[in-house]
Amino acid sequence: MLMATKTWSPEWVSEVTGGVWRRSVNGAFSGAVCTDSRNLKAGDFFCAVTGERFDGHDFIGSVCDLGAWAVLVEAGRALAIGDLPETCGVLEVANTRAALGDLACAWRQCLSSTRVIAITGSSGKTTTKDLLHHVLGKKLKGTAAAASYNNDLGVPLTILKASPEDDYLVLELGTNAIGEIAELAAIAQPDIAAITMIGQAHLAGMGSPEAIATEKLSLLDHVRPAGIAVIPDAFKAEVLKRELPLTVCSFGKTDQAMLQLVDRGWDIQVQSGWFAVKDTAEHSRRFNLSLAGEHNAQNALVVLAIARAMNLSDRVSAAGLASARPSPMRLEIQRVQRHSGGSLTVCNDAYNANPDSMLASLACFLEQAPSTARLVVVLGDMLELGSASDRLHQQLAQQLIELDTQKRIAQVVCVGPAASMMAATLQGSGRLVLAFSELGPIEIAQTCDQMAPEDWVLLKGSRGIGLECVIEGIGEIA
């Protein structure tokens with residue numbers, strides 16, 4: 001993506017990254033920064049990073065042949081610069097990941113007229129980010145993170161895509177280890193920060209719910225002076241104790257919340273819902289929302305608070321909230337044509353899972369599915385829960401039983417070693433329970449072949465389980 005407003009001199013690039021030009025370049029850079037050789041276009045700046053599966057240094061020759069403006073490489077790597085096309089510059093740094101962050105941090109300083117918005121939370125980050133981008137985009141020009149670009153590569157790359165002409169930049173900040181949010185926030189230096197919720201995610205890396213809360217709240221330490229923090233009301237007292245130079249807007253269901261969720265509902269016939277919110281001025285307003293579940297109504301409160309901070313009217317926000325659609329694999333309703341004939345409805349919520357999002361997904365599924373439908377839920381492992389994994393999987397099984405008091409869920413399919421432990425708790429609950437230690441899309445699809453066209457299937461599990469592949473076993477999306 002070329003942006004004429006982004007023009008970097010070679011001297012500026014080497015200064016902010018601490019790099020040395022081993023081969024100089026001709027002219028300033030005004031293209032895109034890229035870490036994936038498959039997406040590179042002529043004129044791009046390629047950053048060679050080492051990941052779990054690939055090393056960008058292995059693709060230096062190919063990106064140079066494709067017309068890269070320059071390549072960012074690590075010192076000490078065997079690199080035959082003389083064999084590369086003379087049109088491609090080579091900038092050498094100690095660590096390419098760190099240099100990418102430094103470059104993004106420096107570019108963020110150039111976005112003086114752009115409101116930078118950073119969103120984190122145990123669940124709901126991507127949905128809230130996409131919803132906010134949809135609402136703000138009704139009246140303003142801006143950039144938002146693609147997919148779940150929320151780590152030490154995704155956040156810098158998103159910042160580097162932004163233009164000084166943007167009214168806003170929406171970033172998503174994720175973590176699975178202590179200190180990561182602070183590192184990303186120091187690069188982003190947001191004007192507005194939002195925390196969707198704080199729950200039990202990544203316990204293996206965090207250690208405790210208290211550590212998770214500390215990690216998420218560390219985002220607020222890097223909000224620019226006179227900035228805004230949008231937070232769950234349960235953490236307002238903790239935030240106010242810090243006496244940070246920012247304005248706090250809390251949201252939730254309590255009377256003390258500055259944006260209070262007072263009511264909500266869902267119309268099964270039209271598959272759309274609404275929520276009502278009351279603010280501190282005692283104004284109450286109802287908004288239509290096409291995303292199901294109380295948690296999405298809470299996400300919408302975050303969006304509403306930020307939109308107001310961006311001086312958008314509630315009328316504009318209402319139009320955006322009403323026309324929004326689910327992000328891919330986030331409670332995405334899909335009609336699937338079965339290989340065996342006929343079709344059924346799949347609620348694809350397979351992108352990721354933790355105890356809070358799993359329970360919310362089950363509640364949404366029961367809310368969205370018609371009362372006449374026979375329901376099957378396919379639940380995969382919730383990963384990265386550490387020593388609490390067995391307890392939390394068993395707890396979820398009990399919560400499913402308590403949530404589904406009318407026994408609308410006819411069948412539960414548990415996929416993965418940890419999820420299979422739910423089967424023992426679910427046995428005797430009046431539901432057919434199947435357990436697979438490994439993902440078996442064909443076997444799972446066979447259970448769906450017994451379903452009628454009006455029946456529904458829920459897919460929910462952690463990213464590493466990849467439950468979306470079950471759809472391929474069932475058939476094709478209509």
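Select T96 first: setting aside residues within four places in sequence, T96 is in contact with C47, A48, V49, L72, V73 and E74, where contact means heavy atoms within 4.5 Å. The model is predicted, so local features need pLDDT of at least 70 and side-chain atom pairs count only at pLDDT 80 or more, while totals for chains, interfaces and linings use all residues. Residues are numbered from 1 along each chain as its sequence is written, and side-chain values use heavy atoms, with hydrogens and water left out.

**Stop 1: T96 and helix α3**

T96 belongs to helix α3 (residues 96-110). Helices (H or I, at least four residues) and strands (E, at least two) are DSSP runs, numbered from the N terminus. T96 counts as buried, at 0% relative accessibility. Buried means under 20% relative accessible area, exposed over 50%, and partly exposed in between (1.4 Å probe, protein chains only).

**Stop 2: F59**

Go to the loop between β3 (45-47) and α2 (60-65), where F59 lies. F59 has a relative accessible area of 30% and is therefore partly exposed. Not counting residues up to four places away in sequence, F59 touches S37 and F54. Select C34 as well: F59 and C34 are 25 residues apart in sequence, and 12 Å apart in space from C-alpha to C-alpha.

**Stop 3: the second largest pocket**

Rolling a probe the size of a water molecule over the atoms shows where empty space is left. The search here uses a 1 Å grid over the protein atoms alone: a cavity is a set of points where a 1.4 Å probe fits but cannot get out, a pocket is an open set with protein on both sides within 12 Å along at least five of seven lines, and lining residues have an atom within 4 Å of a point. Grid points are joined across faces, edges and corners, and a volume is the space filled by probe spheres set on the points.

For the second largest pocket, select I228, V230, T247, V248, C249, M258, L259, D279, A305, R308 and A309, which line it. Its volume is about 170 Å³. At least two lining residues come from each of β10 (227-232), β11 (246-252) and α10 (294-309). The lining has eight nonpolar, one polar and two charged residues. In this classing, Ala, Val, Leu, Ile, Met, Phe, Trp, Tyr, Cys and Pro count as nonpolar, Asp, Glu, Lys and Arg as charged, and the others, Gly among them, as polar.

**Stop 4: helix α10**

Stay with α10, where 13 of the 16 residues are buried. At 1.5 Å a residue, those 16 residues should span 22 Å, and the end C-alpha atoms are 23 Å apart, which agrees; the expected span is 1.5 Å times one less than the number of residues. Just after α10, N311 takes a positive phi of about 65°. Most residues other than glycine have a negative phi.

In the loop between β14 (284-289) and α10, select A292. Is A292 buried or exposed? A292 is buried, with a relative accessible area of 4%. Its contacts, leaving aside neighbours within four places in sequence, are W266, L331, C364, E367 and Q368. From A292 to C364 is 72 residues in sequence and 5.9 Å in space, C-alpha to C-alpha.

**Stop 5: the largest cavity**

Next, select R264, G265, W266, G273, W274, F275, L289, L291, G293 and A297, which line the largest cavity. About 40 Å³ of space lies in this cavity. β12 (259-267) and β13 (272-279) each supply at least two of the lining residues. By class, the lining has six nonpolar, three polar and one charged residues.

**Stop 6**

Select residues 389-403, helix α13: at 1.5 Å a residue its 15 residues should span 21 Å, and its end C-alpha atoms are 21 Å apart, which agrees. Which residues of α13 are buried? They are S389, L392, H393, L396, A397 and L400. These cover an arc of only 145° around the axis, so they sit on the same side of α13; the arc is that of the directions from the helix axis to the C-beta atoms.

E384 is in the loop between β17 (375-380) and α13, and has a positive phi near 60° without being a glycine. E384 is partly exposed, at 38% relative accessibility. K407, in the loop between α13 and β18 (409-415), also is not a glycine and has a positive phi of about 55°.
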